[in-house]
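Welcome, and please open your viewer. We will go from one selection to the next and see what sits at each stop.

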Amino acid sequence: MSAPHSIAFIGTGVMGRSMAGHLQKAGHPLHVYNRTKEKAQALVEAGAKWHDSAGAAAAEADVVVTMLGFPSDVQQSYLGAGGIVERAKPGALLIDMTTSSPVLARQIAAAAQKRGLAALDAPVSGGDLGAREARLVIMVGGEAAAFNRANPLFEIMGKNIALHGGAGAGQYCKMANQIAVAVGMVAWCEALAYAKKAGLDPAAVHASISGGAAGSWALTNLAPRALADNYAPGFYVKHIIKDIKIALESAAEMKLDLPGLATARKLYEQVAARGWEDSGTQALYRLYTAL
């Protein structure tokens with residue numbers, strides 16, 4: 001897939017806009033659709049062709065990439081009447097990069113196979129910064145042949161790319177990632193809230209602990225935003241709640257108890273209840289300082 005291939009990119013929000021932009025700059029003709037047209041405007045001005053539905057965009061492309069919000073959006077876009085699976089060109093490659101349900105990923109793969117299409121679930125990690133800098137972690141599930149076709153595109157958007165198994169495996173890996181993320185957010189928020197309550201300067205404490213054993217991506221990148229009262233979304237509170245729910249449901253199916261994740265869900269639901277669901281996940285720190 002080194003030669004340019006027409007790509008339908010569905011979902012041009014906080015992360016999708018940057019991801020699609022990298023593909024466009026690499027020379028791949030873009031067909032785009034997003035529920036809010038304004039969010040795709042920069043891509044259209046750079047030469048992408050706008051379509052009025054996901055299915056219409058898919059009908060024009062060799063590769064379809066989706067970066068959506070919720071599993072319900074994924075299901076409707078792929079499996080709904082006039083959707084991606086129904087309208088995609090024969091032999092097209094479908095790549096869902098949304099964090100979604102492993103069960104749904106397998107359903108999409110099965111439906112795609114019946115139409116002679118290839119499908120991958122390829123959720124990502126790295127947030128808005130990783131999307132902008134094209135260094136996303138990309139976790140993939142699906143057939144090796146489809147992965148090999150898609151990998152040159154993945155390398156345009158990310159740096160750490162791995163095939164973890166068959167359909168759904170990418171989503172299982174992303175759930176493992178989100179478990180670590182959600183519980184880790186609780187850890188640094190509690191640490192800095194504790195420091196503040198003790199009369200210390202949280203920013204000074206952050207500088208001391210972020211480079212040691214307590215260090216993490218979130219502590220390095222999100223804690224400074226929270227300490228500066230910057231709660232703009234790199235990744236929405238409402239989306240981490242969605243991911244936590246998927247992970248807990250999946251764990252329950254496997255009869256695995258995840259008490260840390262259950263605690264994170266309770267706390268993030270309190271954040272959403274205060275009207276902060278459209279804030280970035282670092283708004284969890286705001287909850288601690290408000291209690």
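Begin with Phe9 and display its surroundings: leaving aside residues up to four places away in sequence, Phe9 touches Gly16, Met19, Ala20, Leu23, Leu30, His31, Val32, Tyr33, Val65 and Met67 (contact means heavy atoms within 4.5 Å). A word on what you are viewing: this is a predicted model, where local features need pLDDT of at least 70, side-chain atom pairs count only at pLDDT 80 or more, and totals for chains, interfaces and linings use all residues. Residues are numbered from 1 along each chain as its sequence is written, and side-chain values use heavy atoms, with hydrogens and water left out.

Now widen the selection. Phe9 is among the members with the most contacts to other members in the largest nonpolar core, which has 54 residues; Ile10, Met19, Leu94, Ile95, Met97 and Phe154 are the others. Such a core is a set of buried Ala, Val, Leu, Ile, Met, Phe, Trp, Tyr and Cys residues joined through side-chain atoms within 4.5 Å. Buried means under 20% relative accessible area, exposed over 50%, and partly exposed in between (1.4 Å probe, protein chains only). Select helix α8 (residues 144-157) next: its six residues are the largest share of this core. Helices are DSSP runs of H or I with at least four residues, strands are E runs of at least two, and both are numbered from the N terminus. A second, separate core of 36 residues includes Val186, Ala226, Tyr231 and Ala283.

Next, pick helix α10 (residues 202-209). Which of its residues are buried? They are Pro202, Val205 and His206. These cover an arc of only 105° around the axis, so they lie on the same side of α10; the arc is that of the directions from the helix axis to the C-beta atoms. Ala207 and Ser208 are exposed on the face turned away from the buried side. Among the elements covering the buried residues are α9 (169-197), α11 (217-221), α12 (223-227) and α15 (283-290).

Finish with charged pairs. The structure holds eight salt bridges, each a side-chain nitrogen of Lys or Arg within 4 Å of a carboxyl oxygen of Asp or Glu. Select Arg35 and Asp73, whose side chains meet in one of them (3.6 Å, N to O). Arg35 sits in the loop between β2 (30-33) and α2 (41-45), and Asp73 in helix α4 (residues 71-79), 38 residues apart. Arg35 is exposed at 67% relative accessible area, whereas Asp73 is buried at 17%.
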